[in-house]
Amino acid sequence: VCVEVHGWLSRPLGSWGKADIQFRDPCGVAMTRAGELLVADRSNHRVHVITATGKPVRMLGARGSGRGELEYPSGVAAGPA
């Protein structure tokens, strides 16, 4: 994942894998009002929540179809807090 600030590439973020700030198929990105980055990680079946400085906040979801579980998330959106 590459973080872009005001049209400029700031730095690459993360690497390939399954741990914090590791992605297998990042495919959707959104920014919250608080400045956190949301990244849908399709093949890891989760959404990463990351600070603007690149620090992991939390991961949401796990593979499944139950409450709090995701199956190949392909997008994210952030609404008003």
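Figure 1. Ile50 stands opposite Pro56, a residue of strand S8. Strands are DSSP runs of E with at least two residues, helices are DSSP runs of H or I with at least four, and both are numbered from the N terminus. The model is predicted, so local features are given only at pLDDT of at least 70 and side-chain atom pairs only at pLDDT 80 or more, while totals for chains, interfaces and linings use all residues. Residues are numbered from 1 along each chain as its sequence is written, and side-chain values use heavy atoms, with hydrogens and water left out. A second pair in this view is Val49, which faces Arg58 in S8. S7 and S8 run antiparallel and are joined by 4 bridges; strands count as paired if DSSP finds at least two bridges between them. The two strands form a hairpin with 5 residues between them. In the turn, Gly54 has a positive phi of about 95°.

**Figure 2. The open sheet S5-S6-S7-S8.** The sheet has 4 strands in that order, with antiparallel pairing. Its edges are strand S5 (26–31) and strand S8 (56–60), each of which pairs on one side only. Neighbouring strands of the sheet are turned by 20° against each other on average, direction ignored. Here axes are lines fitted to C-alpha atoms (for helices, over the stretch in contact), and angles between N-to-C directions run from 0 to 180 degrees.

Figure 3. Asp41 belongs to strand S6 (residues 37–41). Is Asp41 buried or exposed? Asp41 counts as buried because its relative accessibility is 0%; buried means under 20% relative accessible area, exposed means over 50%, and partly exposed lies in between (1.4 Å probe, protein chains only). The side chain of Asp41 reaches the backbone nitrogen of Asp25 at 3.1 Å. That distance meets the limit for a polar contact, a pair of N or O atoms within 3.5 Å; within protein, one atom must be able to donate a hydrogen and the other to accept it, and residues adjacent in sequence count only if both atoms are side-chain atoms. Leaving aside residues up to four places away in sequence, Asp41 touches Gln22, Phe23, Arg24, Asp25, Pro26, Arg46, His48 and Pro73, where contact means heavy atoms within 4.5 Å.

**Figure 4. Two salt bridges.** The count comes to 2 under a rule that asks for a side-chain nitrogen of Lys or Arg within 4 Å of a carboxyl oxygen of Asp or Glu. Side chains of opposite charge can pair when their charged atoms come close. In one, Arg46 meets Asp41 at 3.8 Å, N to O. Arg46 is buried, with a relative accessible area of 9%, and Asp41 is buried at 0%. In the other, Glu71 pairs with Arg63, the closest N and O atoms being 3.6 Å apart. Glu71 is partly exposed, at a relative accessible area of 41%.

Figure 5. Most residues other than glycine have a negative phi. His45, in the loop between S6 and S7, has a positive phi near 55°. The relative accessibility of His45 is 6%, so His45 counts as buried. Tyr72, in the segment after S8, has a positive phi near 50°. Tyr72 is partly exposed, with a relative accessible area of 35%.

**Figure 6. Ala62 in the segment after S8.** Ala62 is partly exposed, at a relative accessible area of 38%. Which residues does Ala62 touch, not counting residues up to four places away in sequence? They are His45, Gly68, Glu69 and Leu70. Ala62 and Tyr72 are 10 residues apart along the chain, and their C-alpha atoms are separated by 9.7 Å.

**Figure 7. The chain and its confidence.** The secondary structure comes to 0 helices and 8 strands. Buried residues make up 27% of the 81 residues in the chain. Of the contacts between residues at least 6 apart in sequence, 36% join residues at least 24 apart. The average pLDDT (the predictor's confidence in each residue, from 0 to 100) is 85, and 85% of the residues score at least 70. Confidence is lowest in strand S1 (residues 2–5), at a mean of 58, and highest in strand S7 (residues 46–50), at 94. Where pLDDT is low, the predicted coordinates should not be read in detail.
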